[in-house]
Amino acid sequence: MKWKKVRLNRKRRLKDRIATIVAEGIPMLSTILIVSLILLMLGNFIFRGLLNVTWEFLSAAPKNNNLEGGIFPAIYGTVYLVFIMILFSIPIGTATGIFLAEYTDRDSRFTSTLRFAINTLAGVPSIVFGLFGVGFFIQFVGKGIDSVAGHSAPVWGKPAILWSAATLAVLTLPVIIISVEETMRSIPREMREASLALGATKWQTIWNLVLPNSVTGILTGAILAIGRGAGEVAPIMFVGVVYSLPDLPTKLTDQFMHLGYHLFVLATQSPDVDKALPKQYATTLVLLALTFGMSFFATYIRFRIRKNKGRLGA
């Protein structure tokens with residue numbers, strides 16, 4: 001009888017060890033696999049693209065069906081687009097996050113419906129946002145402005161960088177809203193109650209207490225929005241981006257070049273695929289570097305804010 005118990009205990013220990021190894025090993029192997037694939041992909045782009053990234057490539061305009069010259073108008077257009085997008089999405093996303101976190105009941109039917117709509121919006125294919133941009137921003141808003149202003153030729157009712165940025169802002173809104181709301185809900189309720197007990201109004205509490213402590217969450221949403229907005233091509237194909245344009249956009253109604261769309265053109269519409277291949281790798285490398293650079297800048301600002309808060313708290 002004792003021998004059977006000993007054998008049973010050994011089997012249980014062996015099963016526990018196997019379960020522990022599997023539980024710890026699978027996440028580790030998955031992490032190694034993912035990191036290896038990312039490094040392999042980045043290494044491929046760096047190895048095949050870095051030799052073609054020259055000063056002329058970064059500073060010149062495209063020529064000869066984008067097979068010659070550089071990509072500076074595409075770099076400028078991408079940065080300009082993301083900047084306008086952030087100006088749209090951050091205030092609206094932050095205001096919506098404040099409303100959900102501070103002015104609604106989490107368990108109410110209205111809040112559940114609104115949150116379901118936001119989550120559904122996050123899962124809509126990006127090409128649908130492009131069609132929405134054409135129908136709403138160009139056909140409805142833009143042509144409406146032209147009609148009210150009495151323009152004989154389309155000024156606002158045509159593809160432009162403004163409508164492209166607005167379309168991407170709608171695309172990235174769910175990310176910002178969710179990030180801001182979760183950050184605000186993580187702030188202890190006791191801090192709000194203390195502020196209200198001292199005589200502050202609800203809005204004064206939000207403005208002077210909740211928002212300053214939610215800056216990192218807002219910047220997190222901005223980082224995610226920058227990463228997605230800078231790389232999206234489908235939503236802007238119909239609302240402002242062009243095949244090739246040597247001039248830089250100077251007005252909100254101008255059309256523009258975009259690194260992602262430029263890469264798409266080189267890969268699918270180039271008259272000489274072999275000649276365009278080195279430029280594809282170089283453009284990809286520049287797009288990744290630009291996206292990482294903008295995200296790193298926002299991450300650095302968030303880090304500095306957290307560090308300063310830590311010093312004040314200490």
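Q: What makes Thr172 in α6 the place of a kink?
A: The model is predicted: local features need pLDDT of at least 70, side-chain atom pairs count only at pLDDT 80 or more, and totals for chains, interfaces and linings use all residues. Residues are numbered from 1 along each chain as its sequence is written, and side-chain values use heavy atoms, with hydrogens and water left out. The bend at a residue is the angle between axes fitted to the seven residues ending there and the seven starting there. At Thr172 that angle is about 45 degrees.

Q: How do you know what span to expect for α6?
A: The expected span of a helix is 1.5 Å times one less than its number of residues. Helices here are DSSP runs (H or I, at least four residues), numbered from the N terminus. With 25 residues, α6 is expected to span 36 Å. From first C-alpha to last, α6 reaches 35 Å, close to that value.

Q: Why is Gln280 called buried?
A: Buried means under 20% relative accessible area, exposed over 50%, partly exposed in between (1.4 Å probe, protein chains only). Gln280 has 13%, so Gln280 is buried. This residue is found in helix α11.

Q: Which residues count as contacts of Gln280, leaving aside neighbours within four places in sequence?
A: Contact means heavy atoms within 4.5 Å. For Gln280, the partners are Leu263, Leu266, Ala267 and Val273.

Q: What makes a set of residues a nonpolar core?
A: Its members are buried Ala, Val, Leu, Ile, Met, Phe, Trp, Tyr and Cys residues joined through side-chain atoms within 4.5 Å. The largest such core has 53 residues, and Met85 and Leu259 touch the most other members. The largest share, twelve residues, comes from α6. Of the 25 residues in α6, 21 are buried.

Q: Which residues does Met85 touch, not counting those up to four places away in sequence?
A: Met85 touches Ala165, Leu168, Ala169, Thr172, Ala225, Ile226 and Gly229.

Q: What makes residues 74-100 a "transmembrane region"?
A: The label comes from an unreviewed UniProt entry. UniProt positions are in the numbering used here, feature names are shortened, and annotations may be inferred rather than shown by experiment. In the model, residues 74-100 are 100% helix and 0% strand, with end C-alpha atoms 37 Å apart.

Q: Where is confidence lowest, and where highest?
A: pLDDT is the predictor's confidence in each residue, from 0 to 100. Helix α1 (residues 2-49) is lowest at a mean of 72, and α5 is highest at 91. The protein's mean is 83.

Key. Helices (H or I, at least four residues) and strands (E, at least two) are DSSP runs, numbered from the N terminus.
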